[in-house]
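Please open the structure in your viewer and keep the selection tool at hand.

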Amino acid sequence: MKLWSKYHIPTSVEEALALLASYQGQARLVAGGTDLLIEMQQASHVLTTLIDVTKIPELRVQELDGDSLILGAGVTHSQIVQNSVLQTRATCLVESCGVVGGPQVRNVATIGGNVAHALPAADGTISLITLGAQAEVASSNGRRWYDLHDLFLGAGKSLVDSTRQMITRFRVPLSRHREASAFERIMRPQGVALPVLGCAARVRLDDQGRFEEVSLCLAPVAPTPIRAEAVEKWLVGRPAQEASILEGARLARQTLHPRTSKYRATAAYREEMIELLTRRSLSAALERAEGSVL
Amino acid sequence: MAELSLTVNGQAIRREIPEWRTLAEFLRDDLGLTGTKIGCNEAECGICTVLVDGTPVNSCIYPALRAGGSEVTTIEGLAHGEQPYQLDPLQHEFIHHGAVQCGFCTPGLIMTARALLNGNPSPSEDDIKHALKDTYCRCTGYTSVIRAIQSAARVEQGETPITPAIPETDHADLRVVGQSVPSQEAVGKVTGKAKYTDDYHFPGMLHGRTLRAAYPHARIKAIRTEAAKSVPGVYAVLTHADVPGRNRHGLVHLDWPALCDDKVRYMGDPVAVVAAESEEIAAEVLHLIEVDYEPLPVVDDPELARRPESALVHEQWETGNLLKHIKVRHGDIEQGFAEADVIIEREYRTATTEHAFLEPECAIGVPKGVEGHEVLTVYVGSQIPYQDRDQVAAALNLPAHEVRIVGTLIGGGFGGKEDIAGQIHVALLANVTGRPVKMRYTRQESLIFHPKRHATLIRIKTGAKRDGKLTAVQAELYGDGGAYASLSDKVLTRATTHATGPYLVANAKIDCYAMYTNNPVSGAFRGFGVTQSAFAVESNMDLLAATLGIDPLELRRINAQRVGAVTATGQLLRESVGLLDSLDKVAQTMNAETPGGFRWSWREGSKAYGWGVACAYKNTGLGGGAPDKAGAEVEAFEDGSFEVRTASADMGQGLVMVVAQCAAEELHVPYARMRVLLSDTARTPNGGPTTASRQTYVTGNAARLAAASLRDAMTRFCAEYYDVPPTQIRFEEGLIRYDGQSVEVGEVARLMKAEGVRPSALYEYTAPQTQPLGTGGDMHFAFSYATQAALVEVDTETGEVRVLTVVAGNDIGRAINPLSLQGQIEGGIVMGLGNALTEAFITEQGVPWTHLLARYKMPSIRHSPQIISHIIEARTTDGPYGAKGVGEIASINTTPAITNAIAHAVGVRVYSLPVDQDALLRAIKSGSRELYSAWQDVK
């Protein structure tokens, strides 16, 4: 079926931006297309121009930069899962990218596409937020780094204007000594394959066995992925033990207010899951952090 | 247009292609590599998987131009050489393990598995489940697929292959019947050579599309097609005014318009059809057809549909929205409940479910005189070719012999390809345009259009004495028949007659109301109504067991039908009732499979475990007084081969093997010499509908008896020709022996032809006469029986339910092909698991919410449990070698076995399907023991 009319395959960011500009809002960037092409199909006869960014070398980098990893926006979920540095030092990202779709989807779906789509429940995205990642956005005016969280304006609404801008790469801070992360997700076996709830946790421990830093992102709880700041604050300085985590998980349940989504989850169920996944992800992250001697 | 250069299966290719091509379209339409199948176009089903530079991708959403410079491998690239191909170990092991049924998903499964083995030469079962998570199969239940992949991995590592899981059966008395021989189509299916309807192409072929209703219920005031007709490339735009003959079709009642005239009654209703030189043009001009509607009130609830104030779906139907009131009366119901010490009365709901066969409907019409077709011909993968012929002929106002139906391979059916889909439309369009016309439904159109499994509301009251003996069953069922009659009458009759379960019940009163609504049409779906009533019956049985303090297995044993019992419809069971045997076999295995001695439930941390058991029975054949006949013809050829011809459908269930095995048995020839031609109304006799688990019995018998009469004819010929008494002539492995000498059967065929005798025999088999419901006579000529036990794990922190093991004991009379039978059982069980846990087709005031495959989850390989299967062979006298029906029985009691297991594990009784983990968790947390809401109630 004819879903688009023109198809361009630029080989540089500049070329892609120039093409976008030339179509004046009538062209869309496509990477894996696992969200976009399905959406276009459902919109029926809206034909447009696609600009394929998968052949731009810059978008496919995976390189260490000090205690960070620079990840091109065109890196696929499968490549993230296979990256040994990310496996040990950004575990929640690997875990979350590993549960997206099946292999055929993960082999083409990109992390940049995941973020640009701005779905409130995107698995990879919430892990990036938890890790404190930044995104570089390129436009004809140049390039600029943003905190990832700041790109999310609402459900499916991104600060990145995909008709004239593009995400080029991410800077992912890597876990250091006594620091680790974990991702947990709950699905239902019926209906659309969107998570009932996803939760990414990152903890760093101090020398006295207390939480020195805690980062916790859950979705979908609100139109954008949100950090459980009250829980993070409460846990910092507390003993890094199961008892603190249980209390933190209860606090997550008290302070976050999810909604019912039709054919997906009731608010009551999501509240249960907020407590459970917060507990499970913090426990897993804590166990890893205790064993981490980087 | 743009240029694409790439390598496909090792061959460098350069083509000018439209920029909007997907890789799947490029492979299929531009290169003719039709082994890559399109199941959904949503990146959901995974069957279009090909390898791009070794990586598996969904080719349906992969832009073709992106593959420029890449190396693409498709299913056609795995085997080497010409026939006989040197198969890839995966292809070989898929056949060897019976992992190929309809074959439509097989290329996708094999390609995904190929990529897995390339990167991981010895994958664990978990690795396989991880890699194939999004590659669906609706036939096999995945267990054979897992074994095949593991076996191929071993072969590639130089180890011995795994032995296929062939169940133990008794076939010492036979040669070919009872052997697990492969299907004649198996090699074609694993190599991508097998052709399904969409894989056919004719020169000058046009593409058709259908305009469907804009409302679930509306009066049509006017239809204007001029704008659409004027578009270049459009050859025809047809409406009801262009139907020259009868504009109503239907398998039981003629109430379904080929093209809507007065009203539209559901969202799948066809209003106009278009033929154009490309599918893209055909799809675009649908928007130019203008239809003026007057929307009418929507009838969307079967119980409310019966109220006098409800709008009418069919104004002219005498009983309003009540299509049929079906009654079973047996004994004295009041007396029965008066005798009861305990009465359990409950209300159950089952959801509308979707077949989700992986091949969406497709039909091609070829006009008379075109491409060598002597009459108007329709190519289609249909379960009822002869009825298709008659319905097409009636709509076109042609005599039946002026229409030919050619059955193609069918990519799954399960009852969903019995009604007319595009058959009439392509015939109309081909006739008008004078050109071949193909109409392939998109997955989304298939979902909206075709008949589903009836949603039901079942109120059931079961009475028993303190000793467990049932005294009475009273039930009221409402079935949502949707907009047209389809097979509702028959399906819901089966739900009604089976509503006592396979038990001795002296008193029964069952009322079923088959209702018209503006929801999607309901029709045949594996289990045929019994799936729904079994959920209610078997849940009540467990409630009764708990109330009486009797073990659930024991309660079923006490009441189990046995020889000499009388069913609720008054039928005396004279033979072939294997229910008690199946209960015993399943009970033994449950004991063996429970760690540390049998318990119905136990806990490990936050996980709760429980066993549940359920029984079922299912008629073989049409029954109820309908003449149940099948014809088959067997012909001998000079090269010593034979052909069996019958118009019966093999939608993956393995009928080609059954008829070939029966014929080879009777003729005492090697199986490999037998080939089968199915479903061509010009060349094959009518085998009747492929429904009601009837083909093994009815057409199996026809093939057996046709072969026997050919054997007799050849014997008579030889007796005369060689001048020996017929009693001294015997058939032996392709030879005819007489008087110390032997002659090849092929030679005898040659001699017969030379003498002007055609070496073939036609036999029309008629199954034993049955009686209509209400007469008290034999409604059916055989029943299959089953017991299933499910072991489930419930996560008490999340409500998630996992089925770990299913133990099955199926009494099917005789296993004709044990490996193929095992495939039916495993596939049936996983389909039943889907019915319990994952599947519901949702409509909102008649409008499908489930209009994408992404919104309908059938079980994936991750849901596939361990399956332990026992075969019970309680022979039935008139079945071929004692066989009775197989197709449905394995799928019926899985659902109540699972919900009974959940009740044991966590103490919560589920009354509505599919099980909702959300509500289950809340019930567990709140201590509630009854769960009446299902997934679709989450709003």
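**First stop: a helix in chain B.** This is a predicted model. Select residues 894-906 of chain B, which form helix H22 with 13 residues. From its first C-alpha to its last, H22(B) reaches 18 Å, close to the 18 Å expected at 1.5 Å a residue. Is this helix mostly covered or mostly exposed? H22(B) is mostly covered, with 12 of its 13 residues buried. Among them are B:Thr894, B:Pro896, B:Ile898, B:Asn900 and B:Val906. Next, select B:Gly907, which follows H22(B) and has a positive phi, near 75°.

**Second stop: a sheet in chain B.** Select strands E9, E7 and E11 of chain B; in that order they make an open sheet of 3 strands with antiparallel pairing. The edge strands are E9 (263-264) and E11 (290-295), each of which pairs on one side only. Strands of a sheet pair through backbone hydrogen bonds. Now display E7 (residues 218-224) together with E9(B): their antiparallel pairing extends over 2 bridges. Here B:Lys263 of E9(B) stands opposite B:Arg219.

Select helix H11 (residues 267-291) of chain A and helix H23 (residues 917-926) of chain B. Their axes come within 9 Å and cross at roughly 70°. H11(A) and H23(B) are therefore roughly perpendicular to each other. To view the contact, display A:Ala268, A:Tyr269, A:Glu272 and A:Met273 in H11(A), which meet B:Gln917, B:Asp918, B:Leu921, B:Arg922 and B:Lys925 in H23(B). By class, this contact has 4 nonpolar, 1 polar and 4 charged residues.

Notes. Residues numbered from 1 in each chain as written. Chains lettered and ligands numbered in written order. Predicted model: local features only at pLDDT ≥ 70, side-chain atom pairs only at ≥ 80, totals over all residues. Heavy atoms only, no water. Helix = DSSP H or I, 4+ residues; strand = E, 2+ residues; numbered from the N terminus. Expected span 1.5 Å × (residues − 1). Buried < 20%, exposed > 50% of the residue type's maximum accessible area, 1.4 Å probe, protein only. Pairing = 2+ DSSP bridges. Axes fitted to C-alpha atoms, helices over the stretch in contact; angles between N-to-C directions. Parallel < 35°, antiparallel > 145°, perpendicular 65-115°, else oblique. Contact = heavy atoms within 4.5 Å. Nonpolar A, V, L, I, M, F, W, Y, C, P; charged D, E, K, R; others polar.
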